[in-house]
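I opened this entry to go through one chain. I started with the overall fold and then turned to the backbone.

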Amino acid sequence: MPIFDFARQALFLLDPETAHGASIAALKSGLVPACPVRPDKRLAVRVAGLDFPNPIGLAAGYDKNAEVPEALLRLGFGFTEVGTLTPKPQAGNPKPRIFRLVEDNAVINRLGFNNEGHDAAFRRLSALKTTGIVGVNIGANKDAEDRIADYVIGIRRFYRLARYFTVNISSPNTPGLRDLQARESLSALLSAVLEARRQEGEQAGRKVPVFLKIAPDLTEEGMDDIAAEVLAHDLDGLIVSNTTLSRDGLKDQAQAKEAGGLSGAPLFARSTAVLARMRKRIGPKMPIIGVGGVSSAETALEKIRAGADLVQLYSCMVYRGPGLAGDILKGLSASLDRLGVSSVTELRDTATDHWAAKTL
């Protein structure tokens, strides 16, 4: 989108959170045109019982309050994910809380699950007319006495509306949240969430997939524990990964000092290595959605080669604009032409060993 070069200059004059709000408003108003992409059957993927028209999705964090999922799907995304949603509205952490690292094509955020709560998102999702895949990312309120109960509430509240759920325990911006990745806590969380899914599914007559979103800052032992619990429960897949606390190799040292999770291009190598290591731990059957630093067809394809069935992006769209999904899809089709393969799924796991051997 050539117009984005001008729009980006204008948006970058605003602080990042104001610019984010402006982009949501532009999508609501129709100022951002759709990006029609010629369908390519070779890019279609069936994951967890859902048929995705292509493997490129928008990660949670952008459309926190389910305001523009239909507009986002019109940008070419094969799916989009709203949230993170907490039962009660919450303001999140004090501002400023989003920082651009322009030299690094990266973002640091410490938002803290700011959102309008379940009721507001429920009203919006109930009014959707799209048949596209919209996932619901659920979390816990910062002041919740029982955080596991908050996730169960999310499953029950959105069961009839979500095409899939993401249980987000990987944000670094809610104190103690990542503790739910510890084995005993994770076992209790998955048991409660999946029991709620079972009960709701019996009433609704359908089984909604549940994915678990994990952090990229795990130890080998932590990955072992997560893999063991994931395989012991009726989970549908993993999302690897959320933002990192690492600041290795950043050029913008001034902004790098800000607290929060780092996303964007510098996260690519770490998140892809963790993805590959989790693929080797959980085996070939369970789906994985790869997230972190996806900015091109090449990086998206590398996530798939490392072991991802689907790929999500967000932060790199800040720098590449709303046409990024369409550009990636065109590039993926060209890659399939060049490689002479009939489906993108044939390329999954072709570089798992390579990425699993990378140093974190």
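My notes on the chain follow, overall figures before single residues.

**Overall.** I worked from a predicted model. I counted 13 helices and 13 strands in the chain. Its radius of gyration is 19 Å, close to the 21 Å from the globule rule for 360 residues, so the chain is as compact as a globular protein of that length. Along the principal axes, the C-alpha atoms fill a box of roughly 50 × 45 × 45 Å.

**Burial and contacts.** I looked up burial next: 59% of the 360 residues count as buried. The chain exposes about 14,900 Å², and carbon and sulfur atoms supply 53% of that area. I then took the contacts between residues at least 6 apart in sequence; 75% of them join residues at least 24 apart.

**Charges.** I located the mean positions of the 45 positive and 41 negative charges; they lie 4 Å apart.

**Peptide bonds.** Most peptide bonds are trans. I noted a cis bond from Gly-83 to Thr-84, with omega near 15°. Thr-84 sits in strand β4, residues 79-85. Another cis bond joins Lys-95 and Pro-96, where omega is about -5°. Pro-96 belongs to the loop between β4 and β5.

**Positive phi.** Most residues other than glycine have a negative phi. I found a positive phi of about 50° at Ala-48, in the loop between β1 and β2. Ala-48 is partly exposed, at 28% relative accessible area. Phi of Ala-66 is also positive, near 60°. Ala-66 lies in the loop between β3 and α3. I checked its accessibility: at 2%, Ala-66 counts as buried, because the cut-off is under 20%.

Technical notes: Residues are numbered from 1 along each chain as its sequence is written. This is a predicted model: local features need pLDDT of at least 70, side-chain atom pairs count only at pLDDT 80 or more; totals for chains, interfaces and linings use all residues. Side-chain values use heavy atoms; hydrogens and water are left out. Helices (H or I, at least four residues) and strands (E, at least two) are DSSP runs, numbered from the N terminus. The radius of gyration is taken over C-alpha atoms; the globule rule is 2.2 Å times the number of residues to the power 0.38. Buried means under 20% relative accessible area, exposed over 50%, partly exposed in between (1.4 Å probe, protein chains only). Contact means heavy atoms within 4.5 Å. Accessible areas come from the Shrake-Rupley method with a 1.4 Å probe; for residues, only the protein chains shown count as cover. Lys and Arg count as positive and Asp and Glu as negative; His and the chain ends are not counted. The place of a charge is taken as NZ of Lys, CZ of Arg, CG of Asp or CD of Glu.
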